[in-house]
Amino acid sequence: MLFQPINRNYHDFSIVRDKDLCINCKVCVRQCSYEAHYWDEARQRVMADSSKCVGCHRCEALCPTSAILIQKKHSDFRENALWRPQFLKYIYKQADSGGVLLTGMGSPVNIPIYWDRLLLDASQVTNPSIDPLREPMELKTFLGAKPQKLEFTKGKDGNPKLKTKLAPQLELNYPLMFSAMSFGSINFNLHIAMARAATELGICYNTGEGGLHKSLYKYGKNTIVQVASGRFGVHRDFLNAGAAIEIKIGQGAKPGIGGHLPGEKINAMVSQTRMVPLGSDAISPAPHHDIYSIEDLGQLIFALKEASEYRVPVSVKIAAVHNVAAIASGIARAGADIVAIDGVRGGTGAAPGMIRDNVGIPIELALAAVDQRLRDEGIRNRVSIVAAGGIRCSADLVKAIALGADACYIATSVLIAVGCTLCAKCYTGKCPWGIATNDARLAKRQNPEVAAQKMINLVHAWGHEVEEMLGGMGLNSIESLRGNRDKLRAVGLSETEMEILGVKHAGR
Amino acid sequence: MKRVYPNKDVCIGCHICELACITAHSQSKDLILAYTQERGQTGLSSCKHVHEEGPVCVALSCRHCDEPSCVAACISGALQKDPETGRTVYNREKCVGCWSCLMACPYGAISRHPLEQKIVKCDLCYDRQGGPACVAACPNKALKQEER
């Protein structure tokens, strides 16, 4: 308390050390990048300052004698349904700093999670379920514009030949991809791990808006290169390095504002890849300054198609906002091959907390609305839909596909697979798990070999589960589930919610 | 032969390998007792040491060299090369504590016993099921036992 702001003791976590178990080996001291644990020379033992604890659990995970417990600290403010402790703490902080409250990862706010209110179907008696261990099950997914109809001619050998020219497609072995996380927001060890994992799995990872390090060009067949409003790291070779190009208009965690990469995270390698000065903040403008209309977006889409000689599909990523269906329709008409929609629960490396927790709409509603709108307008085949923002497990993925997604983007789940505990302090650049940091000492905590294997295991596991769920429904291909909302039933949702989602209530 | 190789690119300097080493070479085989009691009573210490400089750290222990300088330097025959396993074997009974091996070792991988005129050196946990304790304990797979 001494020499500190008076609200210092209203912190979120308490570090509890079991004195019988603690051997004062200092593993926790070395692991904590926030210096919550320290060696006390006078007392000759390890001590802790709970006010510095961010609740990342790194010390708890690595303590060799399990002596540490990180607990929520309950400061018993007088109960108040309106002025919940979290708001008090925000105000104390801002009264001290006068600044915007920064945060990281997806919104922890209790916005309805529709995945939990949707249930899947299974076959009983009247139609047979399929055992995926005994029969083939197809998860292969192609993203890109599909033709309205197919025309054939007779070839020289008398066999039919496809006359229709197909648009470029992105071929995926699983209906999911690693979502955009820029090099800079996460470090190189994880970028190389994602590249290797995506290659091994036959899916794609997205570079995010920070460019692509030259040494990763060899993984191009499994890479989506992203062009955002800051145009960081964008040049001809970059545009031609990947299997698809994505224009990032918005991000679910911060619709309406651009990316923020604090200068602390910009080291030599990031600076070179992003083409920005060392140590300077990389702030993406809120809009693309050359896009003020659907027509402008069309120009950028075709500029990128020209630059890549029409070899790869172009995706447009938007945040799920109120008029998402109309916007997606415009994007499809502007010539995009893929539209990616990021819901309100999507993650971020840094965003103002107020924006993250209050702007945007849930991905479930946005996805259903977009799929329906594109069908109603007869242009659903012209774009593939990729859903993102809070896909927690394979069941969420299956439900998203039944609601109309062609594939899903996952990122938070990928980070959790390599250790993330959602402490939401990514913006400090001091991630104790070695994820959202470019500090050489911390970044080493992600061994690319280990990280890649964890990502591969996660996708394999989800793949098996998706096959089981499909088989249970009597389907042998993910294609048969796409937009098949009859396989979903709602529990406890209102008429309006069910109408938007296009599903019946359970029991109907 | 299979040796323990450290990888400095992913060594996170947590020193957990040292704790594993102490436990594996303790009487109790219990980390808490080994660290808080045996260390002080018997001078139990780790054969492995994490060296740090700036952001770089690496855990070093005996390399079990093909032509070990320590064996050549040993005046009492306490250090021998085992032709069968390839290990550089230390015979505690024969050791006279002259420190010739300490000076000869190019890796600085041999240390003095804190209480006795003896040395402390990696034995590759030859009698431990599951191989070297440090390799098994490393949380970031920065230590690998393999043939190279």
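Trainee: Hi! How many residues does the contact take from chain A and from chain B?
Mentor: Hi! This is a predicted model, and in it the contact takes 16 residues from chain A and 18 residues from chain B.

Trainee: Which helices of chain A each supply at least two residues of the side that touches chain B?
Mentor: Look for α1 (27-31), α13 (440-443) and α14 (448-472) of chain A.

Trainee: And which gives the most?
Mentor: That is α1(A), with three residues on the side of chain A that touches chain B.

Trainee: What classes of residue are on that side of chain A?
Mentor: On the side of chain A that touches chain B there are eight nonpolar, three polar and five charged residues.

Trainee: Let's switch to domains. How is chain A divided?
Mentor: Chain A has domain 1, covering 21-103, and domain 2, covering 141-505. Taken over C-alpha atoms, the centres of domain 1 and domain 2 of chain A are 34 Å apart.

Trainee: How many residues does each domain put into the contact?
Mentor: Domain 1 of chain A puts in 13 residues, and domain 2 of chain A puts in 15 residues. On the domain 1 side, the residues that touch domain 2 of chain A are seven nonpolar, five polar and one charged.

Trainee: Last topic: in what order do β6, β22 and β23 of chain A sit?
Mentor: These three strands of chain A form an open sheet in the order β6-β22-β23, with mixed pairing.

Trainee: Why is one side of β6 and of β23 left without a neighbour?
Mentor: β6 (118-120) and β23 (504-505) of chain A stand at the edges with a single partner strand each, so one side of each has no neighbour in the sheet.

Trainee: How do β22 and β23 run, parallel or antiparallel?
Mentor: Strand β22 (residues 488-490) of chain A and β23(A) run parallel, joined by two bridges. To find the spot in the structure, look for A490(A), which stands opposite H505(A) in β23(A).

Notes. Residues numbered from 1 in each chain as written. Chains lettered and ligands numbered in written order. Predicted model: local features only at pLDDT ≥ 70, side-chain atom pairs only at ≥ 80, totals over all residues. Domains from an automatic or database assignment. Contact = placed C-beta atoms within 7 Å. Nonpolar A, V, L, I, M, F, W, Y, C, P; charged D, E, K, R; others polar. Helix = DSSP H or I, 4+ residues; strand = E, 2+ residues; numbered from the N terminus. Pairing = 2+ DSSP bridges.
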